[in-house]
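I opened this notebook to record what I looked up in the structure, entry by entry. The sequence and the structure come before the notes.

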Amino acid sequence: MAGSSSLLCAAVFAMALLLFRASSVDAFFDPFSIFRARTEGDIFDPFGVGSTSNGGADDVPEKPEVAQTEVEEKGAARPNTMGLTRVPHTGAPSKASTETTVLRVNTRDDKADGAWTIVSDNSGVSAMHLAIMRHGRAVMFDTVTTGRSLMRLRFDNCRVDPRAKKPNTTDCWAHAVEFDYNNGAVRPLKILTDTWCSAGGFDAEGNLVQSGGYFEGDKAVRYLSPCDTCDWIEHPRSFADGRWYATQQVLPDGRFAVFGGRRSFSYEFVPKPGLFNHQSVPLPFLRDTTDDVENNLYPFVNLLPDGSLFIFANDRGIILDHRAELVIREIPQLPGGARSYPASAMSALLPLDLRGGKLHGGADPEPEVIICGGAPTTSFKVGENGEKLMVALRDCARINLANPDARWTTEDMPVARVMGDMLILPTGDLLLLNGANKGCAGWGFAKYPVLTPLLYSPGQPQGSRFRPLAASTISRLYHSTAALLPDATVLVAGGNTNAGYNFSGVDFPTEVRVERFTPPYLERHVAANRPEIDMRSVPKDGMRYGSRFPFRFRTPVAAVVEADVMVTMYAPPFTTHGYSMNQRLLILAVTSFVADGWSYGVTVDAPGKPELAPPGYYLVFVVAKGVPSAAAWVKIQ
């Protein structure tokens, strides 16, 4: 979170938390204090353990009746076991929480508008960070700094709190979970170091590699493998510089580079497990783009087809040759305001269409980046000073990075938006959702939630690219997330504008409900002929760069022809703070299409090099007449 002349809210809270930890150890487990309404002063006593008399630490009871209170909760885990605790009552909604932005859908056409369902009323933690693993689970986590969550660890598996002044102080609340998005089942995961505002991505074997965070976690690298019993493995002293609010990008050789972070004007590569970096690589661009509220955090980073990296921070970008540690060229400024955190625009690399190239040595597709929304440069300062919140940015800008003389081309969205999420759908369209109409990222720095998602079709002409879809009923502002699932629906989770888990007395209570958005392409009358991949036909050894990749699929109702079919492959991202790191979609060239009734044999060209698709697991979809199949997980190597 950015700061100015006054202390940054996040930093104030964190330092206050350190002071708080000097008080009674048992006070950490005061079970209901975080559910009460808070005063402004509570940020210095975030879990409400201060005295009821004079505010002194001496008045904190040494042995609160945690076990008794927990057992009284309906469905609560017993004190010596792990499990969910109930979601507290939120009380009557505030006026601010009812002031939402909902756009009208077009009722004059016969197009579907999508649909929302609730997957779970309680995910255990609020999903500040979200990633989809290849074993059918989502990983959600937030930060140890917010204290109690709604999921308990086993008392014989508690986390030792390294910030507590009393040795061996334990934290028995889970701050990460594995979430089954099919049935809502939750398994707690044990985080050791603070993941607050961290980064991540998937390695070539499908393991989640997760980096940075806050305090004892700012130099950490963590690993989580896709299995039903796996838990985090952490290496807390991996980086030379702290990486709080940094961006992690996978490279063609499978390594990761991590860029920026608070007061870290550099980048470095994720070292092998157990090793550590002695130094980082300075990147003056990050120092040049900072300002008095640090509008250059979580920079947008994309791997381009030639192996270079596009990096955008604040209101401008560069193309970097990370191998030569050389800036190749500067990208023109994008006027209008700031785009990086805390201004928090949405951004993605538009789909890379490989259908025009040859299998070997063909021309690279032209990479085009899109950035939508954001906030005025001074928006954070206005929020910090308690002034009237500023309207978010409404423009949406694109630039073709293959053209050295390219300039940004812009158009307006139907509504201004900040802190939204941008996902690439299997069809190549984009989904824009979550966020607010006013303010910026920060605790309580935004209002007027935008409940209406937008479908953006990049191939359409300006003026006809945006389409409002069915609105959610849940406000998701700061720290909300979204992810594309293998069944081509979208998982939507998180949202916490508070310094702890607050469920009453605030405009926007901590959000632990998990939704599923079904895009229009899967509505019943549209998807009756949805293609189905024959998973047994998918080669077990995956794809090889520059090779043919054959498999089969079928349609249940009617035949399709080759012209109706598109095959896409999607890199599942790591999503936090409105940015989906390492997200990319490739449209593959179909080289053979053989129909046998409603069954089809199809062969596609695998990407020719790792600069187009770094090694790892991808979701491969068949799209027939605009309707995507459920995906097959395919490894490219």
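**Buried cysteines and disulfides**

I began with Cys197, which counts as buried because its relative accessible area is 0%; by buried I mean under 20% relative accessible area, with exposed over 50% and partly exposed in between, using a 1.4 Å probe and protein chains only. Cys440 is likewise buried, with a relative accessible area of 1%.

Before going on I noted that this is a predicted model, in which local features need pLDDT of at least 70 and side-chain atom pairs count only at pLDDT 80 or more, while totals for chains, interfaces and linings use all residues. Residues are numbered from 1 along each chain as its sequence is written, and side-chain values use heavy atoms, with hydrogens and water left out.

I then searched the whole structure for disulfides (pairs of cysteine sulfur atoms within 2.5 Å) and found three. Counting bonded cysteines along the chain, their pattern is 1-2, 3-4, 5-6.

I looked at the pair Cys158 and Cys172, whose sulfur atoms lie 1.8 Å apart. This pair links distant parts of the chain, with Cys158 in the loop between β5 (151-152) and β6 (159-160), and Cys172, 14 residues apart from it, in the loop between β7 (170-171) and β8 (176-179). The torsion about the S-S bond of Cys158 and Cys172 is about 105°, so this disulfide is right-handed, and both cysteines are buried.

For Cys227 and Cys230 I noted a disulfide with an S to S distance of 1.9 Å. The link of Cys227 and Cys230 is right-handed too, with 115° about the S-S bond, and Cys230 counts as buried because its relative accessibility is 17%.

I turned next to Cys372 and Cys396, joined by a disulfide with 1.8 Å from S to S. Cys372 lies in strand β24 (residues 368-372) and Cys396 in strand β25 (residues 395-400), so the pair ties together parts that are 24 residues apart in sequence. Cys372 counts as buried at 0% relative accessibility, and Cys396 counts as buried at 3%.

**Cores and the chain as a whole**

Which residues touch the most other members of the largest nonpolar core? In this core of 90 residues they are Leu208, Trp232, Tyr245, Trp408, Met543, Met569 and Leu586; a nonpolar core is a set of buried Ala, Val, Leu, Ile, Met, Phe, Trp, Tyr and Cys residues joined through side-chain atoms within 4.5 Å. Apart from it lies another core, of 37 residues, and Cys372 is among them, as are Ile370, Ala527 and Leu585.

I also listed the neighbours of Trp232, leaving out residues up to four places away in sequence, and among them are Val139, Phe141, Leu189, Lys190, Leu208 and Arg222.

Of its 637 residues, 63% count as buried. Among contacts (heavy atoms within 4.5 Å) between residues at least 6 apart in sequence, 66% join residues at least 24 apart.

How values were computed. Helices (H or I, at least four residues) and strands (E, at least two) are DSSP runs, numbered from the N terminus.
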